[in-house]
Amino acid sequence: DQLTTDSNSDRLRMNRLLCFGFLALTIGLANGAVVREAEMMDMLQGMLSNPDQYATALGMVRNKRSTWDKEFNLQKMGFGFKIKYNDISNRAKGGVAEVSFKDVRKFFSGVPAKSVKLTVTFDNKNVGDMLFNLKVDYEVGFLFGGQDSGKVHVERKQDGSFYQFNFEFQSNSQNNPDRPPTMKLELKSDWKTKAFGKSYFNDFKHPAKEYNWEMDFNKSGTFKGKFQGEKVYSFEGQYNDATKKVDLVVDFDGQKYNGMADYDFDGTNGLIKINFDLGPAGKFNFEAKGVKDLSDASVKFLVNDKDMFSGKVKGNLKNAPKEFKYELRWTGVFVGDGKVRVVYNRFKTLKVQFLPQTGMTMEHIMEIGDDKTLNMRTTATNNKNKEFETVTKVTPVNDGTNVGYNMKVDWFIRNRNPFYRIFYRLNCLHCLANFNLESNMLMKKNKLYKFDFDISSVVNGKKNKEVYITTKDKYYALFSKHFLNEMGLLFNSNKKFSKEFEVEGEWNPGKYLKVTSNRSWLKSFMIENMDGYMRKVEFNGKELLKAGFGKSGRQLKQTVELPSGKKMDTKLTWDTDSFYKNTAKLTLDGPDANKVETEFDWDMSPNTKVMKVKAEGDNEFLGKFKVTRDYLYEYNNGQQTFNLKGLTNIPTSPLPNNLETEMEAKYNGNDDYMFGSYVLMAGEKFGFQFDDSTGFQWYF
């Protein structure tokens, strides 16, 4: 069966079509399209009254008579998908799927390909053993001519006590010098004592490269390995769990080197040491130490006993987090010397300084005075020359009748410095020159929705309003052309504005709301109360729809009626007036036989929190569907547990029917915790669990 045009049927959901219509209108206006008012309104009314016509124009086709188990085509976009399962009763066993794009750039604009076809074969005979065979055959037609085809093969199989993983990518373009490289990878291990590996890479421009490696290890802590490519490398070592020490010997093509790593922590102080003797290349030593609260810590890296880099952190954290001081000092051969200071006093001062011995320094200061005035300053200097500075002062206003603020900003930037390039890349062109800015906000204390707001640029002491919005004596907004052009550049729009944008509103409570502007695309917008329940919505003098809203007891109801007479009812009900324990239901009924019911049930008790969410219905887009989520959180004598169960049944989606999911977690201290995540398909459990005692447990 296929969606067909029928002027008497609105089988697609009304809100989807509203989104498509207004999206098309927005794109047209944003890209400078010329739309006549009458033609635009005729288009909107036609779309709302005859939705199937527009659904067909989008190319949505559902093929239910296909020999495939599922098939979906979006003809307008040139996209196709179909799948045939090995076992329709147990889809986890795999199958064959075909995915095709006639013009892949409609979905991924940056790729150099024109057409793509993928044939995916997945074989998973014994569900749960994590052994599978996946093969992807591809065909690609490139944007400027030429094509390529090939395969991607991924397999995991068992060979006695060993598990083997294979990966292969190979193109069929044998004689093409620009063909994609061939790659192969083989991994094999018993996960106990041995591991092997092999890789192959050939880009057909350089000699092919092949590598082999192997590892042996045992429970006593002894381990050894070998890597063979252009040269042979090997290593062997011993790990001592009692002393937390590793001794290692590495053989680089016949030349042996010794290394050691040691870790020590007594509950307050920690120490890490790593030493390597590379013979003629020199000795490398790394050391890091510090106390648990990080009030004192240091790192050091030495080559042949010469200090290459050292860093030290010291701070006063006695009153943290309310108040603290921190200083980081460093010295290094390649990074030079310098320091960073941070001073913080909650609700009073924040001071951050970046002070290298040479180069650009930065300082940021934020202070709040006794009168609640906020002063901020950010300054960057280079060789005592100011490169960048912004000074901001925000003064609160409270005169008994009004509350608000006054803000002043002074911006300085030297031409062609590093900050100049940063703001240029951000398209913030007004940031590339010095300017002064002032902004004010005043709200009536007893009616906060009555306010005045403005942003003004200050040039030679004269203010120019860039933005002005007021709701006190009238509803009015003004945006200057300079402000509109700056915002356009900031959001990468090439549209230029030649005049300011003015919007004016008129509100008569209980009767109508009317909005007008100085733009032809928004001459007027009005919502009018017709009979106390139904409201009429008009745009530029033409009716869009009628909608009603009512409340009675613990119920809210809304009705939307299109010019064609089709209706959709929305109803919200709830059982109690308690925020912590309640049941709420939301029903969407229409148009025609489309219906969706959602239910929310929650109980937020102090130690037990329960929430259940359910959505089910029957409509053209999803079919007869049902989705549920059950949340449970419990706290009992310090132990916290969480459980989430879900059911998803959407026949039109590629997901298995009645897909069940579960997530659980427990925390009872750092030595008693657990986390698990599972999927249940065909009565089988797939997923993992991790806890403090046994580590990972896999369910496959």
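Modeller: Serine 295 lies in the loop between strand 17 (283–291) and strand 18 (296–303). Strands (E, at least two residues) and helices (H or I, at least four) are DSSP runs, numbered from the N terminus. The model is predicted: local features need pLDDT of at least 70, side-chain atom pairs count only at pLDDT 80 or more, and totals for chains, interfaces and linings use all residues. Residues are numbered from 1 along each chain as its sequence is written, and side-chain values use heavy atoms, with hydrogens and water left out.

Biologist: Is serine 295 buried or exposed?

Modeller: Buried means under 20% relative accessible area, exposed over 50%, partly exposed in between (1.4 Å probe, protein chains only). Serine 295 has 18% relative accessibility, so it counts as buried.

Biologist: Which residues does serine 295 touch?

Modeller: Contact means heavy atoms within 4.5 Å. Leaving out residues up to four places away in sequence, serine 295 touches Val313, Lys314, Gly315, Leu317 and Tyr326.

Biologist: With which side chain does the side chain of serine 295 make a polar contact?

Modeller: A polar contact is a pair of N or O atoms within 3.5 Å; within protein, one must be able to donate a hydrogen and the other to accept it, and residues adjacent in sequence count only if both atoms are side-chain atoms. Here the partner is the side chain of aspartate 293, at 2.8 Å.

Biologist: Now the helix. Which residues of helix 4 are buried?

Modeller: Phe419, Tyr420 and Phe423 are buried in helix 4. They sit on the same side of helix 4, because they cover an arc of only 105° around the axis. The arc is that of the directions from the helix axis to the C-beta atoms. The face turned away from the buried side carries the exposed Tyr424 and Arg425.

Biologist: What do the buried residues of helix 4 pack against?

Modeller: Their partners are strand 23 (360–368), strand 24 (374–382), strand 25 (385–398) and strand 26.

Biologist: Which residue caps the N-terminal end of helix 4?

Modeller: Asparagine 417 does, with a side-chain oxygen 3.1 Å from the backbone nitrogen of phenylalanine 419.

Biologist: How many residues make up the largest nonpolar core?

Modeller: A nonpolar core is a set of buried Ala, Val, Leu, Ile, Met, Phe, Trp, Tyr and Cys residues joined through side-chain atoms within 4.5 Å. The largest has ten residues, among them Trp411, Ile413 and Leu432. Helix 4 gives the most to this core, three residues.
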